[in-house]
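Open the model in your viewer and keep the selection panel at hand. This tour goes stop by stop, from the whole chain down to single residues.

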Amino acid sequence: PIVTYHLPDGTATDVDVQVGQTIMDGSTRNNLPGIVAECGGSCSCATCHVHVDATSNGLFAEPAEEETELLEFLDGACDRSRLSCQLVVPDTDERIEIHVVDSR
Ligand code: FES
């Protein structure tokens, strides 16, 4: 599926991410800015924070408790906040819209 990453500088980049990979993978493998992913995807650093666009919200599974707890203590978190290493790309024809938050 095509994932559109809306980057912190206001530009957008489309990446074809394979089903089963994460939104974090699609960003870091293409060296996109904004997703730092310090812990490498083990749901402990929160530097992979993104906002899922309202149009794409239904495409992802609900956050696990671990993820919800990290998000609770994150500056700038909102009800669309997710950790992108926990967002597994589903088999869909829909374009997935992700807003990357500068997480430093
Ligand atoms: Fe560290 Fe997602 S990469 S929590």
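Two strands pair if DSSP finds at least two bridges between them. Helices (H or I, at least four residues) and strands (E, at least two) are DSSP runs, numbered from the N terminus. This is a predicted model, in which local features need pLDDT of at least 70 and side-chain atom pairs count only at pLDDT 80 or more, while totals for chains, interfaces and linings use all residues. Residues are numbered from 1 along each chain as its sequence is written.

**Stop 1: the whole chain**

Select the protein chain. Colour it by pLDDT, the predictor's confidence in each residue, from 0 to 100. The mean is 95, and 98% of the residues reach 70 or more. For the complex, the predictor gives an ipTM of 0.99 and a pTM of 0.94.

Now switch to cartoon. The protein chain has two helices and five strands. Along the sequence they follow the pattern β-β-α-β-α-β-β. The radius of gyration, taken over C-alpha atoms, is compared with a globule rule of 2.2 Å times the number of residues to the power 0.38. The protein chain has a radius of 12 Å, close to the 13 Å that the rule gives for 104 residues, so it is as compact as a globular protein of that length. Its C-alpha atoms fill a box of roughly 35 × 25 × 25 Å along the principal axes.

**Stop 2: the sheet**

Show the strands. In what order do the five strands of the open sheet lie? The order is β2-β1-β5-β3-β4, with mixed pairing. The edge strands are β2 (12-16) and β4, each pairing on one side only. From one strand to the next, the twist averages 35°. That angle is between axes, lines fitted to C-alpha atoms (for helices, over the stretch in contact), and runs from 0 to 180 degrees between N-to-C directions.

**Stop 3: strand β3**

Select residues 49-52, strand β3. H49 and H51 point one way, V50 and V52 the other, and all are buried. A residue is buried if 20 or more other C-beta atoms, placed from the backbone, lie within 10 Å of its own; exposed means 12 or fewer, and partly exposed is in between.

H99 in β5 is the bridge partner of H51, and V100 stands opposite V50.

**Stop 4: the core**

A nonpolar core is a set of buried Ala, Val, Leu, Ile, Met, Phe, Trp, Tyr and Cys residues joined through C-beta atoms within 7 Å. The largest one has 19 residues. V3, I23, M24, C48, V50, I98 and V100 have the most contacts inside it. β1 (2-6), α1 (23-28), β3 and β5 each supply at least two residues of this core. β5 gives the most, with three.

Centre on V3. Two residues are in contact if their C-beta atoms, placed from the backbone, lie within 7 Å. Beyond its neighbours within four places in sequence, V3 is in contact with V15, V17, I23, G26, V89, I96 and I98.

**Stop 5: P90**

Which loop holds P90? P90 is in the loop between β4 and β5. Is P90 buried or partly exposed? P90 is partly exposed, because 15 other C-beta atoms lie within 10 Å. P90 touches V19 and L59, not counting residues up to four places away in sequence. Last, pick Q21: P90 and Q21 are 69 residues apart in sequence and 8.6 Å apart in space, C-alpha to C-alpha.
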